[in-house]
Structures are given as structure tokens and as C-alpha cells.
Amino acid sequence: MLKVYLASISLVNDEIVKCLTEEEKAKAYRFKQTDDQKRSILSSYLLKYALKVNNICDTNIIYNEYGKPYLEGNDVYFNISHSGKYVVCALSLKEVGVDIERIRPKHDLVLQNCFTKEEQEYVKDDTSFTKVWTLKESYIKYLGTGLKTKLNSFSVISDNIIKQIDNLVFTSMLVEDYQLSICHYPVKHFNIIHVNHPTQ
């Protein structure tokens, strides 16, 4: 199973906020900017929504030594990312990593310091730059090792196409002016599920 839930922060309303724990609300309202609050609220809600519609118990979240979250006592894995107006939550029976970013300008210092030679040669414009960035981020998030794994220590591009790393597959797509990338174990197919209305 691999399901990817995508939602816009425009969904955030009082009904969604009521679904959150006091701790989750407090975490969200520590942000000063309204959109940051909404991204935090929707991140918490989207995980609850994904678990509920898949009949999975909403359990406590624990973290590994690098800060990657897990569901305590549960064999289901998840990963969350957000950028701009979007929040995405990937749910899987195996480890998974997801990253979404609004298309960002190509940055020469990032190319030199974070991308391998093959990745640098692949990048032609802002879209391909953001694509490689999100692919790399999805792999780092899959590993759950944070900054311990340097971005230039591995390549997601080989012979000018997306490559596999070990037995992992990368999936990348455009969602409007955002790049969405997922690092996951091979599956026959998976769904991108657009959550357009809150459901308790």
C-alpha cells in the first residue's frame, strides 16, 4: 500500500482545528504567520484523515534520533511535507519519504554544493532544478537521517534520467507550479488523493 494525500491550506477551518489535540494546536499557534499556522494544522489533520479513511488507529507519534516521526506500535509508515499552499502526506506499509516544493529559481551555489555532477548536468531550468532537489529531499526523508546524510553524497540522476537507489523507486510529478517527489519501495500503482473537503 502506498497512498499520497494532497490538500490545500484553504481547507483549514474551525472544524479541522477541533480535530487536533491541544498539543497540536499549541504547536501550530507558536508560528507567527497565518499560513505557517495553517500548514502546521493541516499537516496534523491530514495524517489523522489518512489514518481514519484507511481504518488505522490514530496512535502516538514518536521520533527517531534524527527527528523522523513514526506511529508508536504501528507497522504503517508516513511522511509529511508542505510548501506554499500545499500539504502532502504519504502513507505506506514500508518506509517512505515525500517532498513538495514550489518551483524555485535555479541556484548555482546549491548546484555546486548539494548536487552531483550528473545532477548538475541534468538541470536546465528552474523546474528541473526543483525536481532534483525534491527527489534528493524525498530520499533523505526516506532514510530519516536528517543532515547526517550529505545531499551531494548520492545521485538521483543517471544517464540523464531518474535512477533507482538500492531497491527504491522515485516518483516525481508537477502539481500546478509545485514539484512533488516520493521515494518508496516498488508498488504496482498508487494513488494521489486530493482532499477537497474536511471529513471527521
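**Figure 1. The hairpin of strands β9 and β10 in a predicted model.** In this predicted model, β9 and β10 form a hairpin with two residues between them. In the turn, E176 has a positive phi of about 55°. Strand β9 covers residues 169-175 and strand β10 covers residues 178-184. The two strands pair in the antiparallel sense, over seven bridges. One of the paired residues is V169, whose bridge partner in β10 is H184.

**Figure 2. The packing of helix α2 against helix α3.** Two packed helices are described by the angle between their axes and the distance between the axes. Helix α2 spans residues 22-29 and helix α3 spans residues 34-53. Their axes lie 7 Å apart, at an angle of about 150°. Angles over 145 degrees count as roughly antiparallel, and α2 and α3 are therefore roughly antiparallel to each other. On the α2 side, the contact is made by E24, K27, A28 and Y29. These residues meet Q37, S40, I41, S44 and K48 in α3. By class, the contact has three nonpolar, three polar and three charged residues.

**Figure 3. The largest pocket and its lining.** The largest pocket holds about 1200 Å³ of space. Its lining consists of 39 residues, and K27, Y63, G67, P69 and F78 lie nearest the centre. The elements giving two or more residues to this lining are α2, α3, β2 (61-63), β3 (69-71), β4 (77-83) and α6 (126-143). Helix α3 gives the most, with eight residues. By class, the lining divides into 13 nonpolar, 14 polar and twelve charged residues. K27 of α2, which takes part in the contact with α3, is among the residues nearest the pocket centre.

Terms used. Residues numbered from 1 in each chain as written. Predicted model: local features only at pLDDT ≥ 70, side-chain atom pairs only at ≥ 80, totals over all residues. Heavy atoms only, no water. Axes fitted to C-alpha atoms, helices over the stretch in contact; angles between N-to-C directions. Helix = DSSP H or I, 4+ residues; strand = E, 2+ residues; numbered from the N terminus. Parallel < 35°, antiparallel > 145°, perpendicular 65-115°, else oblique. Contact = heavy atoms within 4.5 Å. Nonpolar A, V, L, I, M, F, W, Y, C, P; charged D, E, K, R; others polar. 1 Å grid on protein atoms, 1.4 Å probe; cavity = no way out; pocket = protein on both sides within 12 Å on 5 of 7 lines; lining within 4 Å. Points joined across faces, edges and corners; volume = space filled by probe spheres on them. Pairing = 2+ DSSP bridges.
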